[in-house]
Amino acid sequence: MKTLYSKIIILLCIIISSSSLFSQTISVYVSDAGGFNNPPWFIYKFDENGENPQVLLDEDDGIIWPEDILFLEDQNVALVTSLSTAGIIGKYNATTWEFIENFAEGIAGPTRMKIGYDNLIYVLQWSNTNNKVLRYQQDGTFVDEFTSVGVPQSIGLDWDANGNLYVSSYGGSTIRKFDTDGNDLGLFISSGLAGPTNIWFDKNQTGDLIVLNWNNGTVKRFDSDGNFVVDILTGLSQPEGVDFFPNGDILIGNGGDGAVKRYDNTFNFIENFIEPGLLITPNAVVIREEPIASVNDYNEQNIISETIGSTF
């Protein structure tokens, strides 16, 4: 009986120590556009405190003017857009960052990517000649040109609660609205912007659209009718790249000094999450919750199975 109790205690201790198998860690990935059409270019990984930077990709790995990073978690895949004449979205193993293949080619300067309500990947095009929003299946199969008209130098997109798509034009300093079938509904915002990049609908203010304004270093709020409300943040320099921690904190890239800044969910400044000095031109910031799995975890699970078998 003592042997049985001992094995049960050991089993419980192993289960507790093995709980990391089911836990997650947060990493932050940053695309560094360097000198835009001139290298160096990087994809970095940082820990949840903005420390321990790792270079995952650089120009020697084939990236050219990287613009965005998108993870397809069920495939353990990372996609990276390269704003270049080659028009490539590269596909990489999200653990090792080994190149797998070109996910898509021939895009007219791919910039942002997002997964829509239909689980298709929406891709923006920078070119002034062919700049409709493209859609792809998650295996890379081309679906269609989704929008009825193009958005020149498009570089930000999001959907409202009704599924309408909004796309920012950096060069046009406008934001255009499309319905759920991609039909053009006209300019949602036609004035008051100077080089908008990322856009998103604020969950704390129903219907409000938030816009990073690259050329004048502001973050602007507009209501659900496209009316200007307020400059939420001023004094930034080339803001581009945004993502959100599970607690609502916001990371924003600041290209002017190469920092990534952290704010709470009401835009109160917390800290420089990544201090100036390493990054040149951060233009995409992606927060990823990653499952922890290690050889030790695997071995511990085998021990649990063996212990259960020998105990019962």
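Q: Which residue takes a positive phi in the hairpin of strand 5 and strand 6?
A: This is a predicted model. In that hairpin, Gly 87 has a positive phi near 60°. Five residues lie between the two strands.

Q: How do strand 5 and strand 6 pair, and over how many bridges?
A: They pair in the antiparallel sense, over six bridges. Strand 6 covers residues 88-93. Leu 79 stands opposite Lys 91 in strand 6.

Q: What joins strand 4 to strand 5?
A: Six bridges do, and these strands run antiparallel. Leu 70 has Leu 79 of strand 5 as its bridge partner. The hairpin here has four residues between the strands. In it, Asn 76 takes a positive phi near 55°.

Q: Is strand 5 mostly covered or mostly exposed?
A: Mostly covered: six of its six residues are buried. Val 77, Leu 79 and Thr 81 point one way. Ala 78, Val 80 and Ser 82 point the other way. All of these are buried.

Q: Where do nonpolar side chains tend to be in soluble globular proteins?
A: They tend to be buried together. In this model, the largest nonpolar core has 21 residues. Ile 43, Phe 71 and Trp 97 touch the most other members. Strand 3 (54-58), strand 4 (66-72) and strand 5 (77-82) each give two or more residues to this core. Another core, of 14 residues, lies apart from it; among its members are Ile 26, Phe 42, Leu 251 and Ile 274.

Q: Which residues is Ile 43 in contact with, leaving aside neighbours within four places in sequence?
A: Its contacts include Val 30, Leu 56, Ile 69, Val 80 and Trp 97. Ser 31, Gln 54 and Pro 66 are also among them.

Methods:
Residues are numbered from 1 along each chain as its sequence is written. This is a predicted model: local features need pLDDT of at least 70, side-chain atom pairs count only at pLDDT 80 or more; totals for chains, interfaces and linings use all residues. Side-chain values use heavy atoms; hydrogens and water are left out. A nonpolar core is a set of buried Ala, Val, Leu, Ile, Met, Phe, Trp, Tyr and Cys residues joined through side-chain atoms within 4.5 Å. Buried means under 20% relative accessible area, exposed over 50%, partly exposed in between (1.4 Å probe, protein chains only). Contact means heavy atoms within 4.5 Å. Two strands pair if DSSP finds at least two bridges between them.
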